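Here is a friendly note to read with the model open beside you. Take the points in order, and find each residue on screen as you go.

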Amino acid sequence: MKITDVKTMILQAPLEQELGFSQAYFGTRTSLIVQVSTDEGISGVGESFGAGNVAYANQAIIERVLKPIVVGHDPFAVEVLWHKMYNGIRDHGQKGMPLQSISGVDVALWDIIGKTTGQPLYRLLGGKFREQIVPYAYGMLFRRVPDLEADFAREAEGLVKKGFRALKMKIGMTPADDVRLVKAVREAIGPEVRLMADANHAYTPQVAIPLGRRLEELGLYWFEEPIAPEDYEGYIEVKSALDIPIAGGECEYTRWGFRELISRRCVDIVQAELLGLGGVTEFRKVLALATTWGIPIIPHVWGSSVAVALSLHVVAALPDYPGALIPVQPLLELDTTPNPLREQVAKEPLCVEAQVARQGFVSVPEGPGLGVELDHDTIRRYQVA
Ligand code: CA
């Protein structure tokens, strides 16, 4: 079996209302879908992380740099091809877009292996530790409204009514605004629902530490990306000063990047982004590192149906750690803010929110590979490049 072609599709869906986080507001949702074809008629699908116009840069890297490296080779040779791609690009970038691009191709290769063998990805990863994947609802992005506190409170209440028992909200405006927003959400949902806050690296340790103490008082489950991802020493300062678990890692890449984050114990929860860090092949190394240092992984998820399906397989296959009669379960990050690509890119939608409403959890897809067939009507409708 040989790879014959690599194609990319940038999908963009305009939003009715801009959404924001601590770094920017955005008005469109973007996904870069990767399709790898073979001489046996089987093709695999992947996706590369990278918001907005970053997708255009990743598209060029995949089509101009990576495609010539993989075409003609055996798609089952994921280790060989990963190292060929990385060696081909290392001198020009060991983090960021080159790795996001490798990730998209790598995930498509795993999908090919699954489709060729008739096996779902979780089986290729060594089996599933759980049948029921419990998601946390990621919502409460900034909006340009007069009363954001009331808006967040309403949205959080709505998510609890939909069956979610864990929520994540954005912070990172100013510490005073953050505390007001978190208080409003906490009051709306009560003390029982788990609540997490994501600052998207808006602060220095000197600001994040006193803010973290306020968040502790409000009973937060974790404090996400308090500071800049490259400031490993700062992470150690923040984590040492606070009791609240510190989460991070969505801007980290490869085993060598995660070596720093993990071995220096910068975080309590590793948020590995499979579509960024180097795909499934590299994720397995990061998982080995994380369990070696005793730090749990809760994957970061941001993308189309492809990203959600991939995460369901991976969360199912995460080992119970540290293992117990009633082990702590990893969560699925589930974005609940408007994005038609999250459900419609799959021909058979995953219906994750409907599953949560019906049963309180999401089931793992059982089809071969990722279990996702692309919906060509959706592609035609949203493809911009
Ligand atoms: Ca985040």
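This is a predicted model: local features need pLDDT of at least 70, side-chain atom pairs count only at pLDDT 80 or more; totals for chains, interfaces and linings use all residues.

**Notes on cavities, pockets and a metal site**

1. The residues that line the largest cavity are Glu225, Pro229, Tyr235, Gly248, Gly249, Glu250, Cys251, Glu252 and Leu261. The space in the largest cavity is about 50 Å³, and the count of cavities of 30 Å³ or more comes to 3. Keep Glu250 in mind, as this residue of the cavity lining will come back below.

2. Next, the calcium ion. Which residues are its protein donors? They are Asp198 (OD), Glu224 (OE) and Glu250 (OE), and they lie 2.2 to 2.3 Å from the ion. Along the chain, the donors follow the spacing D-x25-E-x25-E. Glu224 belongs to strand 8 (residues 222–224), while Glu250 sits in the loop between strand 9 (246–248) and helix 9 (254–263), so the pair ties together parts that are 26 residues apart in sequence.

3. Are these two glutamates, Glu224 and Glu250, buried or exposed? Glu224 has a relative accessible area of 0%, so this residue is buried. Glu250 has 8% relative accessibility and counts as buried too, because the cut-off for buried is under 20%.

4. Now step back to the domains. The domain assignment of the protein chain gives domain 1 (3–118 + 376–382) and domain 2 (122–359). Domain 1 supplies 42 residues to the contact and domain 2 supplies 50 residues. Between the C-alpha centres of domain 1 and domain 2 the distance is 23 Å.

5. The largest pocket has a volume of about 680 Å³. It is lined by 37 residues, and the closest to its centre are Phe21, Phe49, Ala51, Glu250 and Trp302. Strand 2 provides the largest share, 9 residues.

6. Why does the largest pocket lie between domain 1 and domain 2? Both domains give residues to its lining, so the pocket lies between them. By class, the lining of the largest pocket holds 13 nonpolar, 15 polar and 9 charged residues.

7. Of the 20 residues that line the second largest pocket, Pro296, Ile297, Tyr321, Val328 and Pro330 lie nearest its centre. This lining has 15 nonpolar, 2 polar and 3 charged residues.

8. A cis peptide bond, with omega about 5°, joins Tyr321 and Pro322. Pro322 is placed in the loop between helix 12 (305–316) and strand 11 (332–335). For background, most peptide bonds are trans.

9. Two residues have a backbone angle to check. Thr254 has a phi near 60°, a positive value in a residue other than glycine. Thr254 is in helix 9 and counts as buried, at 2% relative accessibility. Arg265 also has a positive phi, near 55°. Arg265 lies in the loop between helix 9 and strand 10 (269–270), and with a relative accessible area of 41% Arg265 is partly exposed. As a general rule, most residues other than glycine have a negative phi.

10. Leu167 lies in strand 6 and is buried, at 0% relative accessibility. Beyond its neighbours within four places in sequence, Leu167 is in contact with residues including Ala137, Met140, Ile189 and Met196. Leu167 and Tyr221 are 54 residues apart in sequence and 9.6 Å apart in space, C-alpha to C-alpha. Gly27, found in strand 2, is partly exposed at 30% relative accessibility. Not counting residues up to four places away in sequence, Gly27 touches Ala13, Pro14, Leu15 and Glu18. Gly27 and Leu109 are 82 residues apart in sequence, and their C-alpha atoms are 32 Å apart in space.

Definitions and conventions:
Residues are numbered from 1 along each chain as its sequence is written. Side-chain values use heavy atoms; hydrogens and water are left out. On a 1 Å grid over the protein atoms alone, a cavity is a set of points where a 1.4 Å probe fits but cannot get out, and a pocket is an open set with protein on both sides within 12 Å along at least five of seven lines; lining residues have an atom within 4 Å of a point. Grid points are joined across faces, edges and corners, and a volume is the space filled by probe spheres set on the points. Helices (H or I, at least four residues) and strands (E, at least two) are DSSP runs, numbered from the N terminus. Ala, Val, Leu, Ile, Met, Phe, Trp, Tyr, Cys and Pro count as nonpolar, Asp, Glu, Lys and Arg as charged, and the others, Gly among them, as polar. Domain bounds come from an automatic or database domain assignment. Donors are N, O and S atoms within 2.8 Å of the metal (3.2 Å for Na, K and Ca); water is not among the atoms, so sites may look incomplete. Buried means under 20% relative accessible area, exposed over 50%, partly exposed in between (1.4 Å probe, protein chains only). Contact means heavy atoms within 4.5 Å.
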